[in-house]
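I opened this notebook to record a look at the backbone, entry by entry.

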Amino acid sequence: MHCIAKPIAKSLSGLIITLLFVSFIIFLVMEAVPGDPAEIILGMSAQPDTLAALRSQLGLDRPFIERYLHWLTGLLSGDLGNSYTYSTSVAQLIVERLHVTLPLTGLAVMLSVLISLPLGVTASAKPNGIVDSFASAFSQIGIALPNFWIGLLLIIGIALTTGWFPAGGFPGWDNGFWPSLKALMLPSIALAIPQAAVLTRVTRAAVIEITNEDFVRTARAKGATPNYVLWHHVLPNALIPVVTMLGMQISVLIAGAILVENVFNLPGMGTLAYQALAQRDFIVIQNVVLFFAVVVIFINFLVDALYNILDPRLRIRR
Amino acid sequence: MIHVNRSILSALAIIGLVTTSGVNAQPRTDLILGMSVEPSGLDPTAAAPVAIAQVVWQNLFEGLVTINKEGEVEPSLAESWSISEDGLTYTFDLRDNVTFQNNKAFTADTAKYTLDKILKSDSINPQKALYTPIKSISAPDPDTLVITLSSPSADLLYWLGFPAAVMIEPSSEQNNATHPIGTGPFLFSNWKKGNQVTLSKYDNYWGEKPKLDKVTFRFISDPQAQAAALSSGGVDAIPQFQAPELTSQFQSDNKFETVIGTTSMEVIAGINNNRKPFNDPRVRQALMMATDRQAIIDATNEGFGTPIGSHFSPSDAGYEDLTNVWPYDPVKAKALLAEAGYPNGFTFTMKMPTLAYAERAAEIMQAYYAMIGVTMKLESSEFPAKWVQDVFKDTNYDMSIVGHAEPMDISIYARHPYYFNYQSTDFDASIAATANTTNEADRLLGYKKSQAILAQDVPALFLYAYPKIGIWKKGLHGMWENLPVPSNDITDAFWSE
């Protein structure tokens, strides 16, 4: 028990220090960004005294450190503050938006794994074969195409011609599960394709590399069937680089979601971040960026934990 | 063979039944309206973005007076009014039987409260400056409101109809940003942030009841996505469609109605009149003559939009076409530039806000100015945040393009300081004289004179009035063609099929 608690406590304190550092950097950057929220809210006709009244109402006239500490103490008590523009609690805004972004990114990860694993493994079975050529063409194109552009193509090519999926917008889960899932289908495909392209390439390379290892030859020499070797010797080892890549791609996925949500007009975290930045709704941006940072750190944590499951040697070493 | 035919016939009959019953059904009473910007809060008395008024003005909130489709002042919560000889006392006769959507009565006291709040020292009303001529407000009885001015203001009535002066109710005003309460024909139903605002019919409305039961304002920022939403039926109408290049596909589609009107937004290239060489009026006039307004309209808005020669919108009463004062003439432009001492031209920087229409216009203007030997460098500036800081506040710029959306805003050239840094005693006097007029004819005459001074002086390059491209499904009626005030008044909208 003791030997498990120690590394956890160590990584937890590391996590807190990282988040503190991230929060300070975010606050500093927001301070340096030109633009005054009061001016954006009140527009170009506002008088100086009106602007001053709003600034003091929003607390923007207080010194930098005071505002930063106010935010931090608020965070500790679970109060993220109120959005300048929406006048509602930021926590509530984020939770509302997660109803879209979480299923969207989850679906995209699922799709990309479902496409890339079979494709990568099949391609590696016969290098330079038909499937391999297709896989390599797919990953070349998929990596080259930006996801928002794929989104536009899907709208024009599928949504508008067949009508199977909506061209944009989100009905909300309370208006039915299927209509909402349908609204997320095309955007998650747009997000998944570039991810699948990268993962296909990694899977193929990993499988080929492992196949050439001595222990695989030994297994074959012992008379194991090709299928048995693939499932019991090659794949478990090839999964480690694949999972690493998947974890590293999370930040790319979040960045992609911001663009894809805007193209499909989905009320998710991405559109929230985009709007807040344009409106200089600092309090929303700070919290959203910090939230993304927490997600990325958490996923990395999860990937580390997965190594332990995938690679028994790591378990023994600890 | 006969059997087959019979089954086809019966199938056709069923289809026929289904479709005729569809035609005989009651017309729809709901409307989904697309907008490009989501409002930030729903209280037009506390924030400036036009998206707020585009949802709530006239639909949910009403003022003492209103501004109609033609840009004229009409009675609203005030049934009638009289103005004293000296133009300093306005007496309003208020409607009785008006209730707010929380069942509180609207009286002269509420009206006084609303207007006092705009003028308070800690007021955050974005248009406070428009109401500063007001000296005091009194409510002698529940149906009478008296406004006393410190100096005559011919535009005051117009501004009392503006979104920033809608009537609010003291006990609910705290929540107007998230849950607005007004006197209008529609009341707030819900707001799915990032997605849509829904209003529904208010049964106790004092005036003529609206024909629609439910109106949903859906926010779609991407122009391509707007077109897709219209085509797929996700929205019924987009009163201000943002993709001029995709408009023709709807014009040729008989399922839709496309109506091109004008807005109160003048797109101008503001000049820093303090800076050399722009402090010489001849240089500004030469650049105006080197600018082909129609070419800019064609390139930025597919030919939709009206060229303007001064800072006044064709949708406003008193407009005069002054594009012939400095018509496009590159030869004369070059000659005038030489006369001003720049025979070989000069170099300046255009600070472009990150707005599609401004970026496209800047590129066209760059090519036109090159023809008279003037080099225009392009520099991008994030809109609104950085642009407001650099250009508007610090006036650290040579020239910049932006649309001025506020209606009747010609007096900004008499505001000091203002980002044009324009000084003209003639113009200031003309605006002051216009404000002092007490009848409509004199007021419009004053505005005509003011327009002419600007057209001659060119404190900014006047380009065009921004078009209003309205697209909606056939069968929808009562939508506005022009937009004298940024809004989406759907109180008269209805479906005929």
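Entry 1, ground rules. I noted that this is a predicted model, in which local features need pLDDT of at least 70, side-chain atom pairs count only at pLDDT 80 or more, and totals for chains, interfaces and linings use all residues. Residues are numbered from 1 along each chain as its sequence is written, while chains are lettered from A and ligands numbered from 1 in the order in which they are written.

I looked up B:Asn103 in the loop between β5 (89-94) and α3 (108-119) of chain B, where helices (H or I, at least four residues) and strands (E, at least two) are DSSP runs, numbered from the N terminus. Its phi is near 70 degrees, which is a positive value in a residue other than glycine. I counted B:Asn103 as exposed because 9 other C-beta atoms lie within 10 Å (buried is 20 or more, exposed is 12 or fewer, partly exposed is in between, with C-beta atoms placed from the backbone).

B:Asn421 belongs to the loop between β16 (399-404) and α12 (425-436) of chain B, and it is partly exposed, since 17 other C-beta atoms lie within 10 Å.

I then checked B:Lys276 to B:Pro277, whose peptide bond is cis with omega near -5 degrees; B:Pro277 lies in the loop between β12 (256-271) and α7 (281-289) of chain B. The bond from B:Phe383 to B:Pro384 is also cis, with omega near 0 degrees, and B:Pro384 is in the loop between β15 (375-381) and α11 (385-393) of chain B.
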